[in-house]
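Visitor: Please take a close look at the aromatic rings here, and at what lies against them.
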Amino acid sequence: MNKDKYGRKISYLRISVTDRCNLRCIYCMPQEGIKLFPHQEILTYEEIIKITKASKQIGIDTVRITGGEPLIRKNLSFLISQIRNIEGIRDLAITTNGILLDKLLPELFSAGLKRVNISLDSLKRDRFFNITRQDSLQEVLKGIDRSLEIGLTPIKINMVVIKGINDDEIIDFVKLTEERPLIVRFIEYMPWGSINNWGEEKIIKAKEIKSIIEKEFGKILPVDINSRGPADNYQIDGFKGFIGFINPLSEHFCGKCNRIRLTADGKLKLCLFSQQEIDIKAKLRAGTSLEELTEFISNSIHLKPEKIDLDSHIKNHPREMSQIGG
Ligand code: SAM
Ligand code: SF4
């Protein structure tokens with residue numbers, strides 16, 4: 001297994017399959033006017049599969065498919081089945097806004113999808129509309145029901161908590177774990193791009209969220225649910241599901257970071273918060289063997305930055321989050 005120059009094992013590849021989305025979340029995408037990648041710039045499934053096979057050679061065993069919205073890319077189940085068949089990839093999941101899950105889950109499940117992360121920031125119809133600019137809460141809720149019905153596990157619900165926008169729904173989100181084996185994760189709001197109107201005062205830290213939860217339910221106890229991600233997990237006594245906290249800003253997990261990202265237009269990103277991008281598509285399209293590609297990725301991971309440089313991230317407008325995939 002390859003380590004980067006700071007000794008971190010790189011085992012997780014996050015693949016964005018499209019920069020398109022059927023929502024326009026206020027913190028992620030502008031309502032209109034976003035420049036989309038031309039189709040010929042987007043990696044084909046064959047190219048993604050080749051990069052995944054090469055990544056596996058350097059120790060990647062966990063793959064997550066993201067977007068934009070991954071479920072709007074045609075025939076995603078083909079990609080799922082192909083990645084599932086790569087020997088050595090032991091964990092494959094998608095991150096989705098959930099709108100198309102109800103419709104597509106049977107074929108994705110047959111293709112080998114076993115787990116899913118669903119992004120959901122409000123359980124109130126009007127507020128869901130205000131955050132996503134689309135009236136689709138019912139579809140997302142149906143997608144969650146369908147994921148439970150079909151037996152995906154684990155099913156994680158990711159809520160970006162923004163002070164003054166949806167922090168009054170924390171308890172309602174915790175209650176989602178009462179009767180159902182969902183893992184609800186509270187995610188810190190991150191500064192991004194030119195549109196997301198981030199301010200430190202809008203962050204609500206894990207400590208504060210925990211104290212809101214404990215006021216309602218009493219002391220919450222940490223649990224080890226082997227979720228492999230960066231969340232701290234807890235359970236309310238007697239509840240079937242779990243809750244977790246992901247705090248990329250207030251609790252840097254750079255020292256434990258095991259991931260690299262592949263953007264839909266074929267760039268390797270070694271750190272979510274860095275401007276650095278490595279053009280793997282150019283290498284691939286110039287004609288390269290699997291061995292050469294493996295060596296290219298292996299060399300690239302040594303360029304992974306040691307830690308977040310938040311000031312530079314905020315100053316240098318990065319690509320929009322929808323063009324990276326979270
Ligand atoms: N469309 C899919 C979805 O929403 O799940 C996948 C792509 S989306 C960019 C991946 C994740 O990034 C979502 O959970 C979303 O809430 C999160 N995200 C986007 N912008 C964010 C921000 N500024 N701060 C925190 N999380 C953000
Ligand atoms: Fe689309 Fe996901 Fe971004 Fe929302 S967070 S606009 S669903 S890519």
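Guide: A charge counts as sitting over a ring if NZ of Lys or CZ of Arg is within 6 Å of the ring centre and within 35 degrees of the ring normal. R259 lies over the face of Y12 in this way, 4.0 Å from the ring centre. K114 has its charged end over the ring of F109, at 5.1 Å from the centre. This is a predicted model, in which local features need pLDDT of at least 70 and side-chain atom pairs count only at pLDDT 80 or more, while totals for chains, interfaces and linings use all residues. Residues are numbered from 1 along each chain as its sequence is written, and side-chain values use heavy atoms, with hydrogens and water left out.

Rings also meet rings. Rings of Phe, Tyr and Trp (its six-membered ring) pair if their centres lie within 6.5 Å; planes under 30 degrees apart are stacked, over 60 edge-to-face, and the rest tilted. The structure holds five aromatic pairs. One of them, between Y45 and F78, is tilted, with 6.2 Å centre to centre and 40° between the planes. Y45 belongs to helix α1 (residues 45-57) and F78 to helix α2 (residues 76-84), so the pair ties together parts 33 residues apart in sequence; helices here are DSSP runs (H or I, at least four residues), numbered from the N terminus. Y45 is buried, at 8% relative accessible area, whereas F78 is partly exposed, at 30%. Buried means under 20% relative accessible area, exposed over 50%, and partly exposed in between (1.4 Å probe, protein chains only). Elsewhere, ring pairs join F186, Y234 and F245 into a cluster.

Note on methods. Chains lettered and ligands numbered in written order. Helix = DSSP H or I, 4+ residues; strand = E, 2+ residues; numbered from the N terminus.
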